[in-house]
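Colleague: Before I plan around this model, could we go through it one point at a time, beginning with the middle of the sheet?

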Amino acid sequence: MPDFRIEDKGGFDRLMASISVELKAPGRRAVGIIVDANDDIEARWSAVKDRVARAGIAVGDRYPVGTVVRGNSLEPDVGVWVMPDNRSPGELEDFIADMIPEDDSVWPLSQAYIDDIPAENRLFSSKKAQRAKVHAWLAARERPRPMGLAIGARDLEVGGTCCTHLAAWLRQLFEPSADR
């Protein structure tokens, strides 16, 4: 896997505000932007594309396997990934749910637990039900841990289509190319 670091910008609005600065940072070879699609993938895609364009880099079309635009000697390569899979509405938890092993016996129980909470007792919106299900599943692991650590602990499978596409996008964006 290529070498890169992750910066959590603390939400979509802060991420959007930082894009121009990140793209103009001296010596920056590549910038990857990952956002949740939430309910409207086209709106999220357009917002990111427009913000990158304001920084002087034309992004073009959104691709189902992730978008990468090659920069030049003065600008970095730019990649955009819209969670969960560049095609569907959703968020990180939808991506993580796809990584739960198919034969996992606790996953259906976690889903049923959340589904069975009466609407009047739910403190989360129906749009966040998948998030609640994933976190209920994580809480029921032998050693409950956050999503990122569950990957390293092999609680989650990384061989599925979404993971394979994300890993390929990361390699395409961050591995050094011979022409730079």
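Colleague: Which residues of strand 3 are buried on one side, and which on the other?

Modeller: This is a predicted model, and in it strand 3 is covered on both of its faces.

Colleague: How many of the residues of strand 3 are buried, and what follows for the strand?

Modeller: A residue counts as buried when its relative accessible area is under 20%. Strand 3 is largely enclosed by the rest of the structure, because the number of its residues that are buried is seven of seven.

Colleague: In what order do the strands of the sheet lie?

Modeller: Strand 1 and strand 3 run parallel and are joined by seven bridges, with Ile33 standing opposite Val80 in strand 3. Strand 2 and strand 3 run antiparallel and are joined by three bridges, and here Val69 stands opposite Val78 in strand 3. The pairing in this open sheet of three strands is accordingly described as mixed, and the order is 1-3-2.

Colleague: Which strands are the edge strands, each pairing on one side only?

Modeller: In an open sheet with the order 1-3-2, the edge strands are strand 1 and strand 2 (67–69).

Colleague: What angle does the direction of helix 7 make with that of strand 3?

Modeller: From one strand to the next, the sheet has an average twist of 15°. Helix 7 packs on this sheet and touches strand 1, strand 2 and strand 3. Taken between its direction and that of strand 3, the angle is about 165°.

Colleague: Where is Asn86, and is the residue buried or exposed?

Modeller: Asn86 belongs to the loop that runs between strand 3 (77–83) and helix 3 (92–97). Setting aside neighbours within four places in sequence, its contacts include Ile41, Arg62 and Tyr63, and also Val80 and Trp81. Its relative accessibility is 1%, so Asn86 counts as buried.

Colleague: What is the phi of Asn86, and what is the phi of Asn38?

Modeller: Asn38 is located in the loop between strand 1 and helix 2 (41–54), and at 27% relative accessibility it counts as partly exposed. Neither residue is a glycine, yet phi is positive in Asn86 and in Asn38. The value for Asn86 is near 70°, and for Asn38 it is about 55°.

Colleague: Which two residues does a cis peptide bond join?

Modeller: One of the two, Pro84, is placed in the loop between strand 3 and helix 3. With omega at about 10°, the cis peptide bond joins Met83 and Pro84.

Colleague: How much space lies in the largest pocket, and which residues are the closest to its centre?

Modeller: The space in the largest pocket comes to about 1,600 Å³. Among the 45 residues that line this pocket, those closest to the centre are Arg5, Ile6, Glu7, Gly32 and Ile34.

Colleague: Which element gives the most to the lining of the largest pocket?

Modeller: The lining divides into 25 nonpolar, six polar and 14 charged residues. At least two residues each come from helix 1 (12–23), strand 1 (30–36), helix 3, helix 6 (147–152) and helix 7 (161–174). The element that gives the most, with seven residues, is strand 1.

Colleague: Is Lys133 buried or exposed?

Modeller: Lys133 sits in helix 5 (residues 129–139). Neighbours within four places in sequence aside, it is in contact with Trp107, Ser110, Gln111, Ile114 and Asp115. Because its relative accessibility is 13%, Lys133 counts as buried.

Colleague: How far apart in space are Pro176 and Asp3?

Modeller: Pro176 lies in the segment after helix 7, and with a relative accessible area of 71% it is exposed. Although 173 residues separate Pro176 from Asp3 in sequence, the C-alpha to C-alpha distance is 9.4 Å.

Colleague: What percentage of the residues of the protein chain count as buried?

Modeller: The protein chain has seven helices and three strands, and its C-alpha atoms fill a box of roughly 55 × 35 × 25 Å along the principal axes. Of its 180 residues, the share that count as buried is 38%.

Methods
Residues numbered from 1 in each chain as written. Predicted model: local features only at pLDDT ≥ 70, side-chain atom pairs only at ≥ 80, totals over all residues. Heavy atoms only, no water. Helix = DSSP H or I, 4+ residues; strand = E, 2+ residues; numbered from the N terminus. Buried < 20%, exposed > 50% of the residue type's maximum accessible area, 1.4 Å probe, protein only. Contact = heavy atoms within 4.5 Å. 1 Å grid on protein atoms, 1.4 Å probe; cavity = no way out; pocket = protein on both sides within 12 Å on 5 of 7 lines; lining within 4 Å. Points joined across faces, edges and corners; volume = space filled by probe spheres on them. Nonpolar A, V, L, I, M, F, W, Y, C, P; charged D, E, K, R; others polar. Pairing = 2+ DSSP bridges. Axes fitted to C-alpha atoms, helices over the stretch in contact; angles between N-to-C directions.
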